[in-house]
Amino acid sequence: MTPAPQPWPQTALWWHVYPLGFVGADTAGTPLSSPVEHRLDRITAWLDELVALGLNGLLLGPIFASQTHGYDTVDHLRIDPRLGDDADFDALIAACRERGVRVLLDGVFNHVGREHPWWREAVEAGPDSGAAARFARGADAREVDGLPVDVFEGHDALVVLNHQHPEVVELVEVAMAHWLERGVDGWRLDAAYAVPPLFWRSTIDPLRERFPDSWFVGEVIHGDYEGYVRESGLDSVTQYELWKALRSSVQEQNLFELDWSLQRHNDFAEHFLPMTFLGNHDVTRIASAIDDERNHAIAIAMLFFFSGAPSVYAGDERGLEALKEERAGGDDAIRPEFPRDPREWPENAYSQAHRDAIAFRRQHPWLATARIRTEELANTAALFIAEGSEGERALLAVNLGDDSVQLGGRSVDGHGLERWSDGS
């Protein structure tokens, strides 16, 4: 019998783009009245590269009108003029559809920028006004523009919305519905960990009836992932625990750490499809995080072998290097401008490592929901076995050390890997 098709999120392999940096926009701050710059087509020019890698999903960072870096939104229904306009967005969606590429948008709904009309209205109306009631005011509120308000992680430029307020619920539901109607497939919800989980239920549950095929993933860094998914009604969260274990176990040559994290990862994967990754717009590039470049391909192979919905941060497939720094402008290096023509950044060993890992994943799509166990384990070598719900089985042997080792009955060279499925 032919197996039933998997839900599309289980077959989605994402390319994560930070649009403002990608197109070379000025993120230091430009007036929203500035002329529209039609730059989204610069992302379109890279879609064939996405497909050639074997990926089929485009995860876009913030594209809505904002004051600076995109996470200080001032209009959730308007494309940022530094990127383009509605016509440019429609053209990008059409180009993705032509190539069979799904699209997720980044929704920043925990906070807004201080030029948002609601905040300007609140400043004018005063702290006891109905306009001010749209914003959170907890015990740690600070004074911003003369109003007491919660700010996001100490940033005065980001004023936090009151997620108990019905107008905030309506704002978010309307914004998500608007872009789902325009053709996107779902949402990555920024800083979801800072939002009460029941807020997502109040906004997403009504959308399920209208957009039953949509996928909603929340940015959650630590804590009870499964509990947050269950309470919020989200489909998924970002699997930062596995991200940390993949990086540090390879860098520190301690695969016992990874084995421990995989046990928790298996528990998560029984309840939801985690979004997995080695890099994103907030962290040091993987090529800079792991000193021994001979082991980079091993980290990439493990990402696509383990269960979940894997995401590649744009540029990691070219081996871009950059450090995340805790200072003003500390994200700039990890969010660079991309050339208009992909040929200006030739493919290299990183590209081939991604192609090989992605090809194996596409040949074995059941890996998305597989259970992973570690059969053989040492500090620098391990044999991982993936088992599917229909009896499928695949093996990945990795060796971080200098000397060859025997794993799963095969010889694995130093800083090498072998992957195979039963019968191959």
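**View 1. Val283 in the loop between β14 and α12.**
In this predicted model, Val283 is found in the loop that lies between β14 (275–277) and α12 (286–289). The relative accessibility of Val283 is 9%, and because buried means under 20%, Val283 counts as buried. When its neighbours within four places in sequence are left aside, Val283 is in contact with Trp243, Arg247, Lys324 and Ile334. For a sense of distance across the model, the C-alpha atom of Val283 is separated by 27 Å from that of Ile93, a residue 190 residues apart from Val283 along the chain.

**View 2. The pair of helices α10 and α11.**
Helix α10 (residues 240–251) and helix α11 (residues 255–269) have axes that come within 9 Å and cross at roughly 160°. Angles over 145 degrees count as roughly antiparallel, and α10 and α11 are therefore roughly antiparallel to each other. Their crossing is left-handed. On the α10 side of the contact are Glu241, Leu242, Lys244, Ala245, Leu246, Ser248 and Ser249, which meet Leu255, Glu257, Leu258, Ser261, Leu262, Arg264, His265 and Phe268 on the α11 side. Sorted by class, the residues of this contact are seven nonpolar, four polar and four charged.

**View 3. The pair of helices α7 and α8.**
Here α7 packs with helix α8 (residues 197–210) at an angle of about 35°, and the two axes are 9 Å apart. The crossing of α7 and α8 is right-handed. From α7, the residues Val168, Val169, Val172, Glu173, Met176, Ala177, Leu180 and Glu181 meet Phe199, Trp200, Ser202, Thr203, Ile204, Pro206, Leu207 and Arg210 of α8. The contact of α7 with α8 holds eleven nonpolar residues, together with two polar and three charged ones.

**View 4. The largest nonpolar core and a second, separate one.**
The largest nonpolar core has 116 residues, and the members that touch the most others are Trp15, Leu58, Trp200 and Phe384. Helix α7 (residues 166–181) gives the largest share of this core, namely nine residues.

**View 5. The surroundings of Phe384.**
Phe384 is one of the residues that touch the most other members of the largest nonpolar core. Apart from its neighbours within four places in sequence, Phe384 is in contact with Leu258, Leu262, Met302, Phe305, Phe306, Ile372, Arg373, Thr374, Ala394, Leu395, Leu396 and Val398. Among these partners, Leu258 and Leu262 also take part in the contact of α11 with α10.

Conventions. Residues are numbered from 1 along each chain as its sequence is written. This is a predicted model: local features need pLDDT of at least 70, side-chain atom pairs count only at pLDDT 80 or more; totals for chains, interfaces and linings use all residues. Side-chain values use heavy atoms; hydrogens and water are left out. A nonpolar core is a set of buried Ala, Val, Leu, Ile, Met, Phe, Trp, Tyr and Cys residues joined through side-chain atoms within 4.5 Å. Buried means under 20% relative accessible area, exposed over 50%, partly exposed in between (1.4 Å probe, protein chains only). Helices (H or I, at least four residues) and strands (E, at least two) are DSSP runs, numbered from the N terminus. Contact means heavy atoms within 4.5 Å. Axes are lines fitted to C-alpha atoms, for helices over the stretch in contact, and angles run from 0 to 180 degrees between N-to-C directions. Angles under 35 degrees count as roughly parallel, over 145 as roughly antiparallel, 65 to 115 as roughly perpendicular and the rest as oblique. A crossing is left-handed if the near helix is turned anticlockwise from the far one by less than a right angle, and right-handed if clockwise. Ala, Val, Leu, Ile, Met, Phe, Trp, Tyr, Cys and Pro count as nonpolar, Asp, Glu, Lys and Arg as charged, and the others, Gly among them, as polar.
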